[in-house]
Structures are given as C-alpha cells and as structure tokens.
Amino acid sequence: MKNTALITGATSGIGKELARIHASKGGDLIIVARREDELEKLKSELESQHNIEVHIIVADLMKQGAGSTVYQEIQSRGLKVDILMNNAGLGGYGNLHERSLQKELEMMQLNMIALVELTHCLLPEMIKNGGGKILNTSSSAGFLPGPLQTTYFATKAFVNSFSFGLDQEVRRHGVTVTALCPGPVKTGFEAAAGMGSSDLFKRAATASSTSLKGYAAMEKGKLVVITDGQMKFLINFMLPILPRRTVLKMVEKLQTVK
Ligand SMILES: NC(=O)c1ccc[n+]([C@@H]2O[C@H](COP(=O)([O-])OP(=O)(O)OC[C@H]3O[C@@H](n4cnc5c(N)ncnc54)[C@H](OP(=O)(O)O)[C@@H]3O)[C@@H](O)[C@H]2O)c1
C-alpha cells in the first residue's frame with residue numbers, strides 16, 4: 001500500500017477530483033460514498049490509468065455510527081490510512097422553520113459528526129506512525145452566518161473551528177489538518193441542496209481547480225485555503241469591518257433563488 005488516502009464523497013464533484021489528483025501522484029485510495037456503481041466506475045478509471053489500488057467502501061455517512069463502521073471495515077481489510085480527506089457533505093436550502101428537522105439533523109450528522117468520528121478513529125494510528133495529513137472540505141460559508149442555509153453554514157463553522165483547533169493539537173506529532181474553504185463550485189452540490197439557480201452560483205469555480213488548490217495546501221500542511229479570490233477578500237478584509245446585519249442581508253440576497 002502506497003501513501004493511501006481515504007476520501008469520503010468521492011463519487012462526484014470535489015471528492016472525485018481529489019481522488020484523481022491523488023491517483024495521478026501514484027497514491028492508493030480508499031473511496032467512500034453511497035453510490036456503489038459510481039465508486040466502481042471511479043475505481044476502474046483510476047486503476048486503469050495509474051499503477052495503484054483503489055478500495056471501495058459503500059457507506060451512508062448520515063447514519064449514526066457510520067464513521068466507526070467505515071473504520072472497522074478498514075481494519076478488517078488490513079488497510080492503513082496515511083491521508084484522510086473528509087469531503088462528503090451536503091447543503092440544504094430554505095428557511096429553517098419550513099425545512100424538515102430530519103433533513104437538518106442528517107446534514108449535521110454527515111457534515112460534522114461523521115467527520116469527527118472518522119478523524120477520531122484514524123488519528124491515533126497517524127500519531128503512532130509519526131505523521132499523516134487530514135484535509136477537511138469545509139467552506140467559505142464557515143466564516144459567516146448564512147440565512148436560507150443557516151444550518152449548513154453553521155456546520156461549516158464547526159468544521160473550520162474543529163480543523164484549526166485539531167491542527168494545533170497534532171502538528172507536534174507530525175500530523176497536519178487543512179481546511180479547504182471553497183466559494184461556489186459547479187458540482188452536484190447546488191441540486192442536492194435544492195438551491196435552483198441563485199446569483200451565488202453564477203460565478204462558480206470548477207471542481208478540478210478547487211481540488212488542486214486544496215490538495216496543494218494539504219501537501220504543504222497549510223491551516224486553511226480559501227480558494228475563491230473574491231471570498232478571500234470578503235472574509236479577510238470586509239467581514240471584520242462590515243456591520244453584522246449588513247452581512248446577513250447581503251448573504252440572504254445572494255442565496256435567494258429566483
Ligand atoms: N459545491 C460547492 O459550491 C461547495 C462550496 C463549498 C464547500 N463545498 C463542500 O464540498 C464538499 C463536496 O461537495 P461537492 O460540491 O463536491 O458536492 P457533490 O458533487 O454533491 O458531492 C457530494 C459527495 O458527497 C457524497 N455524499 C453525500 N451524502 C452522503 C452520505 N450520506 N454518505 C456518504 N457520502 C455522501 C456524495 O456521494 P453519494 O451520493 O454517492 O453518496 C458525493 O460524492 C461538501 O462537503 C460541500 O459542503 C461545496
């Protein structure tokens with residue numbers, strides 16, 4: 001097994017591109033998602049193009065305890081994880097009081113709890129081995145509140161805070177944690193979140209350019225990478241000075257589906 005990376009949400013969008021990048025560098029893969037046929041297709045594509053092994057784990061990470069089940073599967077197959085990319089995630093559009101509570105809780109389970117669970121399972125081995133890398137696909141949404149996707153933005157604030165705190169804990173053991181914070185990206189995300197067409201996605205980046213920036217930041221052990229230039233400017237220079245209510249109105253307007 002060569003420099004094995006586990007990637008959740010590898011059947012589409014950013015995760016699929018992260019898998020392609022890692023494979024192109026000669027690393028083995030453990031790819032995780034719900035759609036077995038898409039996992040199989042990616043396995044065939046990558047194994048035929050590169051001299052690598054791709055292992056598939058079919059899992060619904062919205063289910064309680066799914067992170068531990070994935071870990072047990074890794075153990076039972078005798079696999080070792082050098083790089084963990086917690087990428088699977090989901091948005092959810094609409095006013096909170098009009099959305100189903102079940103959907104909100106499932107989103108929190110996927111975006112936050114499965115991520116913490118997998119990290120907690122795999123970290124001790126990385127520390128014992130004297131090194132490892134973790135890339136958490138968070139979002140620029142993690143830096144500000146997001147009316148019309150309030151729970152989603154809050155889950156990403158959690159992922160940012162978790163990633164930054166954890167990096168400080170484990171860096172001394174040779175493990176780094178990087179938060180990948182994209183702006184809008186053209187993937188299956190918009191449809192899965194039920195967003196229709198909002199202004200926000202008119203200037204969406206590609207999954208491949210976003211993944212390349214995230215992978216490079218992870219390799220360098222950077223704490224965070226905000227991949228969208230405009231978002232980076234907004235987060236670093238505008239948010240600290242703009243009144244909070246102005247920001248809330250601005251985000252609501254941007255996310256309103258026409
Ligand atoms: N696109 C954007 O604008 C954007 C911006 C900022 C951050 N992000 C973040 O980027 C990450 C990847 O999203 P994407 O944009 O690439 O969207 P995507 O194309 O919809 O991909 C989502 C991936 O997550 C997997 N997934 C969804 N629910 C799952 C579940 N219950 N269990 C296991 N896997 C599950 C999907 O696979 P299956 O359906 O096969 O399970 C798919 O591979 C997410 O964390 C998202 O929050 C996206």
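Predicted model: local features only at pLDDT ≥ 70, side-chain atom pairs only at ≥ 80, totals over all residues.
Started with I31: skipping its neighbours within four places in sequence, I find I31 in contact with I7, A10, A19, L39, L42, V54 and I56.

Next I looked up the largest nonpolar core. It has 61 residues, and I7, A19, L29, I31 and V32 touch the most other members. The top contributor to this core is α4, which gives 8 residues. I remind myself that nonpolar side chains tend to be buried together in soluble globular proteins.

So on to α4. I checked its length first: helix α4 runs over residues 101-128, and at 1.5 Å a residue its 28 residues should span 40 Å, so the 40 Å between its end C-alpha atoms agrees. I also see a bend in α4 of about 35 degrees, at Q109. Q109 itself is on the list of buried residues of α4, and so are M107, L110, N111, A114, L115, E117, L118, T119, L122, L123 and M126. What sits over them? I find that the cover on the buried residues of α4 includes α3 (66-76), β4 (83-86), β5 (132-137), α5 (150-170) and β6 (175-181). Just past the helix α4, I noted G130 with a positive phi of about 80 degrees.

Last, the ligand. I have 31 residues around it, with G9, G13, R34, G89 and G188 coming nearest. Elements giving two or more residues to this shell are α1 (13-24) and α6 (189-192). α1 has the largest share, 3 residues. Sorting the shell by class, I get 15 nonpolar, 12 polar and 4 charged residues.

Notes:
Residues numbered from 1 in each chain as written. Near = placed C-beta within 6 Å. Helix = DSSP H or I, 4+ residues; strand = E, 2+ residues; numbered from the N terminus. Nonpolar A, V, L, I, M, F, W, Y, C, P; charged D, E, K, R; others polar. Expected span 1.5 Å × (residues − 1). Bend = angle between axes of the 7 residues up to and from the residue. Buried ≥ 20, exposed ≤ 12 C-beta atoms within 10 Å, placed from the backbone. Contact = placed C-beta atoms within 7 Å. Core = buried A, V, L, I, M, F, W, Y, C linked by C-beta atoms within 7 Å.
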